[in-house]
Amino acid sequence: MKVVHVAFECAPIYKTGGLGDVVGSLPKELHKLDVATTVVMPGYKWIKRLPKLPDSQVEVFYVESKYFDVYNKRHDPRISAPKYAHFAFLVLEELKRRQITPDIIHCHDWHTGLIPLILKKHPDAFFEKTKTIITIHNISYQGKFLVTYLDTPETRQILSLFDGHQKRVSYLKEGIRYADYVTTVSPNHAREIRTGKVSFGFKTLIRGKRGRFIGILNGLDYTVWNPRHDRLITQNFTRNSVWSGKIENKRRLQHELGLEESADIPLFGFIARLSSQKGIDLLLPLLDAAAKKRLQVVILGKGERVYEKELKKYQTAEHRTWIAVKIGFDEKLAHRIYAGSDFFLIPSHYEPCGLTQMIAMAYGSLPIASAVGGLKDSIAEGKTGYIFEKVTSEELLEKIHLALHLWEDKAAYRQMVERAMRKDFSWKRSARKYLRLYRRVTQT
Ligand code: ADP
């Protein structure tokens, strides 16, 4: 079985969120199951190219385009549209150049959505036996553009594949429509999409896939996310040494961020892209009142300017003892927050899978999360964390109160942490599910 994964990011080479984590780890696990797996990604100018994913035989191919030299911080659609259309063509050219005929091209998110369209509408004998799968990591990002943006020398050829009257195109929609199979990253989120609870207008399209759509829970790469040998944290620890380990990590984190150094004060972590999805709007109204409580909050995030601005208000000296806000993408600090926090806040409005709850549990930090998407699939209420059904500030606050209560009962708290740390979200089980799916798709 030959499978090529295609994505715009792949950790540790380039990562902006959970997609990078998945593409950096699922192929490695598939490789262990004897799937000949490779990854194709853009050869951005600013990345350090690795020939293989770390600790694996999974090769990474980089394709070249002038569009990959531009960072496009503001997500200018005139740049993004041709960039990822060109990417789609380049991926297919690269595979042909290397004489690789995959059984499956596994596409991830909208950036790769034109690949199934090209293969279906412009059949190429070279890919005659190749099937396509697209995985939806975030259905709200649909890659919608004016078709006219594609009138460039590199991408003009795609225009003939659209129907003549079409003024706009959604890359994700095309991907879903023409892929042989569609997946998303948790069973609960698959239900949410199917029922229209969280489908961002794609309910009918997905229902039309009839039996060719499922949710497979993401896994966690424990070679990266493991307090036992994580080099980025202050002191390594296991379930047996969690108490001494966490106290030391917490003390150093408090010291580094200028918080009051104390093992007794419960520390709540929050790490996310600052987009409306992540529920920062639910957290913000609680922050002022939190000053009066005996707790600490550490927030690390980057994203929408409104949220960055609101959060920066907490960076003054008067706040410093109980709240630390860091704006930016900081992988090292993220590891230290997971290791040094006691609780971890994830009040997302929707969450296809979510990795931060799995990472938090692995590092003995109890997640407090909304009961959406993969959060619901991976956190057991009152056993490995807390989940709230109604996604409101009040419900979040209620669970924070429960957490503070638990904190006072050290035996119960420790029991819950140990239970959370025992959870195994390794890729093994999910990779087997993907392999089963690959077999099914290639046999049809
Ligand atoms: P999403 O893919 O929607 O961003 P996930 O929970 O699936 O959310 O994955 C988020 C990943 O990105 C985690 O590995 C998390 O630690 C990381 N991350 C998010 N924001 C930051 C940040 N500001 N700095 C460092 N890591 C971050």
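In this predicted model, K28 and D221 make a salt bridge, with their closest N and O atoms 3.4 Å apart. The two partners come from distant parts of the chain, 193 residues apart: K28 sits in helix α1 (residues 18-32), while D221 is in the loop between β9 (213-215) and α7 (242-257). Both K28 and D221 are buried.

That pair is one of 20 salt bridges in the structure.

| Salt bridge | Closest N and O atoms |
|---|---|
| K28 with D221 | 3.4 Å |
| E154 with K66 | 3.6 Å |
| K278 with E351 | 3.0 Å |

K66 is exposed, with a relative accessible area of 52%.

K278 and E351 also link distant parts of the chain, 73 residues apart. K278 is in the loop between β10 (267-274) and α8 (280-290), and E351 is in the loop between β13 (343-346) and α11 (356-362). K278 counts as buried because its relative accessibility, 13%, falls under 20%. E351 is buried too, at 6% relative accessible area.

Now for the rings. There are 26 aromatic pairs, and one aromatic cluster takes in F8, Y14, Y44, W46, F68, Y71, Y84, F87, W110, F145 and Y171. Charges turn up over rings as well: R98 lies over the face of F61, 3.6 Å from the ring centre, and K410 lies over the face of W407, at 3.7 Å from the ring centre.

Notes: Residues numbered from 1 in each chain as written. Predicted model: local features only at pLDDT ≥ 70, side-chain atom pairs only at ≥ 80, totals over all residues. Heavy atoms only, no water. Phe/Tyr/Trp six-rings, centres within 6.5 Å; stacked < 30°, edge-to-face > 60°. Lys NZ or Arg CZ within 6 Å of the ring centre and 35° of its normal. Salt bridge = Lys/Arg side-chain N within 4 Å of Asp/Glu carboxyl O. Helix = DSSP H or I, 4+ residues; strand = E, 2+ residues; numbered from the N terminus. Buried < 20%, exposed > 50% of the residue type's maximum accessible area, 1.4 Å probe, protein only.
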